[in-house]
Amino acid sequence: MEHLDSDLLRTFVAVAEAGSVTDGASRIFRSQSATSLQIKRLESILGQPVFERHGRGVSLSDTGRQLLPVARDVKERLDTLLQEISLNAVTGKLRLGIPDDHGKAKLTEIIATFTRQHPKVELEVTCASSTGFLDALAKRSLDLAIYEVENPAQNEEVLFEDPTSWVSSVHRDFTTESVLPVALFDHACWWRDAAVKSLNERKKPYRVVYSSPSVHGVMAAVEAGIAVSLMGRSALHPGLSTVSNSLGFGQVPTSKLVMAASNSRDTGPRDAMKAAIRNTFMATT
C-alpha cells in the first residue's frame, strides 16, 4: 500500500495556493516539469485528480478541497517541529504593530501561524490605529509595523494595493443633496487626509456628520445611509455602491498596505515575521 509523502503534500499546497503549476513551482524552487510529475504522482496515489485544469491555471477538485486543509496542517506541524529542534531556531523578542481595521483578519492569522512555527520568540503585538506606528518605529518601541500610505518610502515594502472610491449605501441617493454629508476618521491619518483633499477638490459644500476612530464605525454610518465616505474597494459588499463619478469626485488615490521595520539589532525574529507576512500576502494576491 502506497503512502502520502510530505514532499508531495508541500508541492500540492504550493500549487493550490498559487493557482497554477508554474507559479507553484517557483515557490518551492522546482522546475515546472518536476512539479507536474509530483502532482501526477499524488493523483496516482489517491486515485483521484486533485486539480481541475483550465486555460489560465488550475482549481481544486472535490478531492483537492478535501485534501488541502489536511496537507496544510501536516506542512505546518512539520515546519513547527523542525523549528523547535533545530539549532538555528529563531529566538528573541519581537514587537509588532498591526492596524485595527484593514487586513486585521489576515494579519491575525499570520500571527497565529508564526507563533506555532516560532514558539521560542516572545511576541508582543500592538493592535491599534496605525497613526503612531512610524513614530514608534523611529523610537524603537516597535520592531516591525504594518500600515497604509499613498506613496511608499524606500524602506516601506508594499504588501497590498487597494484602489479607493467614494461609497454610499445602495438604499440612499445623495445626488440631490446640496450639502453632502460625509463620514470621516476622527484622527489625523492617511484616510482622513485623502478624503478631505478629495472633498476640497470637488469644490462643493459638504459637512462632516459622523466621525469614528475605526473603519468599522465609518462603515456603519455608510451602511445606515447617514453619509458617504472614502473607502477601499476591498471593503465593498452588495449593500454598498461606488459614487465617485455620480457625485462629481475626481480621481482618488490607491491605498498601499506597507511593512516597515526599525533599525533594531535583533533581526532574527523580525526577519522571520517579515517572511511570514510576505509569503501570506503573495499567496493571496
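Helices and strands are DSSP runs, numbered from the N terminus. The model described here is predicted.

Helix H7 covers residues 190–202. At 1.5 Å a residue, its 13 residues should span 18 Å. The end C-alpha atoms are 18 Å apart, which agrees. Seven names make up the buried list of H7: Trp190, Trp191, Ala194, Ala195, Ser198, Leu199 and Arg202. These residues cover an arc of only 160° around the axis, so they lie on the same side of H7. An α-helix has 3.6 residues a turn, so residues three or four places apart point the same way. Strands contribute to the cover over the buried residues of H7, among them E5 (144–149), E6 (157–169) and E9 (229–232). Just after H7, lysine 203 adopts a positive phi of about 60°.

Strand E9 contains serine 229. This serine has 3% relative accessibility and therefore counts as buried, the cut-off being under 20%. The side chain of serine 229 reaches the backbone oxygen of alanine 183 at 2.9 Å. Beyond four places away in sequence, serine 229 touches Ser165, Trp166, Val167, Ala183, Val218 and Val222.

Helix H3 spans residues 32–46. It has 15 residues and reaches 21 Å from its first C-alpha to its last, close to the 21 Å expected. Buried in H3 are Thr35, Gln38, Ile39, Leu42, Glu43 and Ile45. Their arc around the axis is only 160°, which puts them on the same side of H3. Ser33, Leu37 and Lys40 are exposed, on the face of H3 turned away from the buried side. Glycine 47 follows H3, with a positive phi near 75°.

Key. Residues numbered from 1 in each chain as written. Predicted model: local features only at pLDDT ≥ 70, side-chain atom pairs only at ≥ 80, totals over all residues. Heavy atoms only, no water. Helix = DSSP H or I, 4+ residues; strand = E, 2+ residues; numbered from the N terminus. Expected span 1.5 Å × (residues − 1). Buried < 20%, exposed > 50% of the residue type's maximum accessible area, 1.4 Å probe, protein only. Arc of directions from axis to C-beta. Contact = heavy atoms within 4.5 Å. Polar contact = N/O pair within 3.5 Å; in protein donor to acceptor, adjacent residues only side chain to side chain.
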